[in-house]
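Welcome, and thanks for having your viewer ready. Let's walk through the structure one selection at a time.

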Amino acid sequence: MGVERTISNFIRALRNAEVRVSTAETLDAMSVVDLVGYEDKAHLKRSLSLALPKTADEKNTFDACFDQFFQFQDVRGEAANDSKSESEQEGEESGEGGDGEGGGAGGTPQTQNRRKKKSKSKAKQNNLYEEEEEADLGPGEITEAHSPLGKLLMANSRVELAQSMAKAGEAINVREIQIFTQKGLYARRIMDYMGLPDLNQEISDLRTDSRIPARRLGQELKQRRDFLREQVRDYVEQQFMLNADVSGKRLREEMLRSVKLSNVEHRNFRLIQEMVYKMAKKLSTLHSRRRKVFKRGQLNVPKTLRNNMSYDGAIFDLYWKSVKVDRPKVFAICDVSGSVANYARFMLMFLYSMDEVMPKVRSFAFSSDLAEVTELFNRNKIEDAIAKVLHDYSGGSTDYGQALLDFKKLCLDDVDNRTTIIVLGDARNNHGETHAEVLKELYDRSKRVIWLNPEAKLAWNTGDSEMRKYGAYSHQVEECNSLMHLERVVSNLLRQTN
Amino acid sequence: MGDMEKLAESVSSLQAAFEAHRYICSEEIATAVFLAYQLRKPILIEGPPGVGKTELAKTAAKMFALPLIRLQCYEGLDESKAIYEWKYGKQLLYTQVLKEALGEVLGNAKGFRESVEQLHKFGDIFFSEEFLEPRPLMKAIKEEDGCILLIDEIDKADHEFESLLLEILSDYQLSIPEIGTIKAAAEPPLVFLTSNNTREISDALKRRCLHLYIPFPDVDLEQRIVAARVPEIPPALQQQLVAFIHELRTLDLKKMPAISETIDWARTLLLLHADALDATVVRDTLNVILKFQEDIDNVKGEVTAITAKVAK
């Protein structure tokens with residue numbers, strides 16, 4: 001079972017570290033291992049790094065992952081530095097030891113089975129069976145352990161011990177371990193769940209006991225407890241490798257995806273920018289294919305044949321299926337006043353990161369007066385442009401009515417039935433005139449009006465929020481305050497505009 | 001055949017063989033060729049321009065003594081240029097010639113139905129392999145003793161073209177609607193694909209290939225490469241120039257000097273009979289290693305400092 005199991009575990013760890021590995025590639029990896037063997041670790045690493053990771057980035061991740069994973073484990077699924085013969089030998093030895101021992105409690109056959117599967121920490125294993133007595137207590141009678149964990153330890157059954165450990169792990173959700181500093185914490189929780197406090201109490205009681213058999217038990221329990229601790233640590237380590245985010249980056253990204261954009265700390269801006277770019281890229285590749293197909297004409301065979309009939313069947317006049325010339329437009333109107341500025345920042349970033357697949361975007365910013373900022377974006381880098389927009393337009397109190405009037409004046413003529421208008425704002429109008437009739441006009445003329453509100457749905461229509469009025473004249477109203485929402489909105493947008 | 005197996009029997013033997021053909025490769029590269037040969041899988045090679053991606057395929061062809069079939073990709077490349085095309089001219093010509101023989105063929109057929117039936121017997125003569133013009137991919141598949149197929153700059157081709165490649169890459173076969181499936185000869189071609197990463201290659205294609213990333217070489221490897229390619233160069237100068245190039249790569253440049261530039265520069269310096277790098281020579285020959293005026297202007301100021309550093 002060794003090799004396949006180890007490789008598939010390793011691949012799980014890889015996937016966990018964001019390297020995409022398909023089943024086909026898993027099979028490739030297996031045949032690579034068959035071919036190169038596992039004696040030469042460097043060679044194996046080089047070979048696997050050709051078969052598994054498929055970008056330069058992934059290769060770096062792979063390198064780190066490989067080193068980390070095989071630091072503890074040999075490819076055969078055994079502890080490093082242990083050769084097979086050794087392990088068998090030891091198995092026999094300790095088997096005998098178990099028989100000879102009074103406290104063996106018939107765990108031996110199972111123990112041997114178990115050993116083949118999990119032969120880690122063999123050195124420690126010896127301690128379990130061989131009595132290393134301290135000088136003053138000779139071998140001899142031992143009292144029974146009382147605490148449940150103590151009994152379990154004295155029962156000498158590795159199967160039960162492992163089961164109990166797995167159960168404890170399950171109970172405290174060890175799979176949720178995320179960062180490596182939590183390893184100690186989880187190890188302790190598992191120990192606690194298994195009944196460590198009782199055991200500790202028992203040990204300290206026993207060690208001060210006057211009876212020799214009891215003290216003997218105390219020593220024995222202490223040793224076994226230390227061994228158990230080692231085992232639990234290994235177990236947690238393994239779970240960490242398999243389940244956790246080894247670099248810690250994914251955790252942050254995961255968190256940032258759903259965190260409210262207004263709450264993003266400044267130091268995380270870079271990471272968010274990266275993520276926006278990544279998400280935009282993903283959406284781009286998803287949608288670029290379809291657009292390509294659209295751009296090409298196709299030979300209209302029936303029509304061509306029909307029209308060339310008169311030339312004695314010689315085809316020289318070709319007819320193409322008409323290429324659909326659909327140039328959808330997107331107008332983005334962003335409230336950039338203090339409360340919404342951050343959302344606007346990231347939405348604009350999103351829209352402009354997708355220029356490959358996104359139809360032409362014209363953007364407008366307002367707090368009290370509205371102005372077109374498209375040019376600014378075309379001339380500057382996204383980050384600079386956004387900074388400039390926020391600086392130039394974010395003063396003044398929000399006036400949606402005025403902004404809509406301005407927008408109408410600026411480009412009502414450009415709005416037609418292929419236009420999508422996105423309004424990003426909280427619709428808090430400071431109790432001013434809403435001019436919802438302007439939005440109605442836009443609603444009637446355009447293909448779609450999408451209103452994105454960064455506030456939680458519950459807060460809509462409270463206080464000076466005019467969401468009800470504006471919502472009536474929008475095709476779609478959505479709560480949008482995290483990257484996740486943004487991604488969904490933009491993806492929908494692409495689906496409909498293409 | 002035996003030779004080939006012997007060559008590809010281990011990574012070190014491959015490395016030595018490449019070296020004999022004056023292609024100095026890292027262990028990664030040799031491992032890639034080794035695995036590609038043993039597992040019969042295509043290699044997708046990525047890396048900055050000028051690190052020897054295409055050269056690897058060419059050298060492999062020389063080394064294995066196999067024909068090299070090269071398909072240069074560009075936008076708009078399609079199956080009629082990559083796989084096969086019907087010889088329309090020949091088809092037309094034959095129809096004209098055969099018009100006269102038509103009477104004989106239809107000889108004693110009476111009526112329209114019989115004539116058509118008669119014609120059916122001749123089957124699809126015009127769409128047989130006789131009239132097929134094989135293009136690179138088809139040629140590679142039909143090569144009896146195997147060959148090296150180099151699909152160069154796959155990132156320049158369209159998305160759709162990648163899908164076209166999937167069949168040949170995973171099963172070494174091609175399907176032609178009129179004829180059927182053509183399978184590779186006993187020895188399938190060894191396929192190299194190169195990409196400069198101007199766009200993301202699709203996952204489906206990547207999944208079918210081994211992926212080799214060739215970065216800029218380290219100082220040691222690059223020195224060996226220069227020594228192999230320009231053996232006449234004095235060792236002292238060679239060390240200095242490689243060190244200089246490595247310094248350049250740490251700067252922010254529009255286009256980093258690649259191995260091919262290093263080699264060109266070495267040849268240039270040799271022509272100029274330079275024994276050691278000095279600031280004047282470097283400044284005069286900077287246009288050999290840097291291809292943008294902006295880069296040249298940026299570096300010019302630093303030349304003295306870098307030369308001094310390298311000369312140590």
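Before the opening stop, a word on geometry: axes are lines fitted to C-alpha atoms, for helices over the stretch in contact, and angles run from 0 to 180 degrees between N-to-C directions. This is a predicted model, in which local features need pLDDT of at least 70 and side-chain atom pairs count only at pLDDT 80 or more, while totals for chains, interfaces and linings use all residues. Residues are numbered from 1 along each chain as its sequence is written, chains are lettered from A and ligands numbered from 1 in the order in which they are written, and side-chain values use heavy atoms, with hydrogens and water left out.

**Stop 1: a helix pair in chain B**

Select residues 259–271 and 279–289 of chain B: these are helices α14 and α15, whose axes lie 9 Å apart at an angle of about 140°. Helices here are DSSP runs of H or I with at least four residues, strands are runs of E with at least two, and both are numbered from the N terminus. That angle makes α14(B) oblique to α15(B), as angles under 35 degrees count as roughly parallel, over 145 as roughly antiparallel, 65 to 115 as roughly perpendicular and the rest as oblique. Now show side chains: B:Trp265 and B:Leu269 are among the α14(B) residues that meet a group in α15(B) including B:Val282 and B:Ile289 (contact means heavy atoms within 4.5 Å).

**Stop 2: the sheet of chain B**

Next, display the open sheet of five strands, ordered β2-β5-β8-β1-β9 in chain B, with parallel pairing. Two strands pair if DSSP finds at least two bridges between them. Which strands stand at the edges? They are β2 (68–72) and β9 (210–213) of chain B; each has a single partner strand, so one side of each is left without a neighbour in the sheet. On average, neighbouring strands of this sheet are turned by 20° against each other, direction ignored.

Zoom in on β1 (residues 43–46) of chain B, joined to β9(B) by four bridges. There, B:Ile45 has B:Leu212 as its bridge partner.

**Stop 3: a strand in chain A**

Finally, select residues 329–335 of chain A, strand β3. Six of its seven residues are buried, so β3(A) is largely enclosed by the rest of the structure; buried means under 20% relative accessible area, with a 1.4 Å probe and protein chains only. Seven bridges link β3(A) to the parallel strand β4 (residues 360–366) of chain A, where A:Asp335 stands opposite A:Phe366. Six bridges connect β3(A) to β6 (residues 419–424) of chain A, also in parallel, and A:Ile333 stands opposite A:Val423 there.

Technical notes. Buried < 20%, exposed > 50% of the residue type's maximum accessible area, 1.4 Å probe, protein only.
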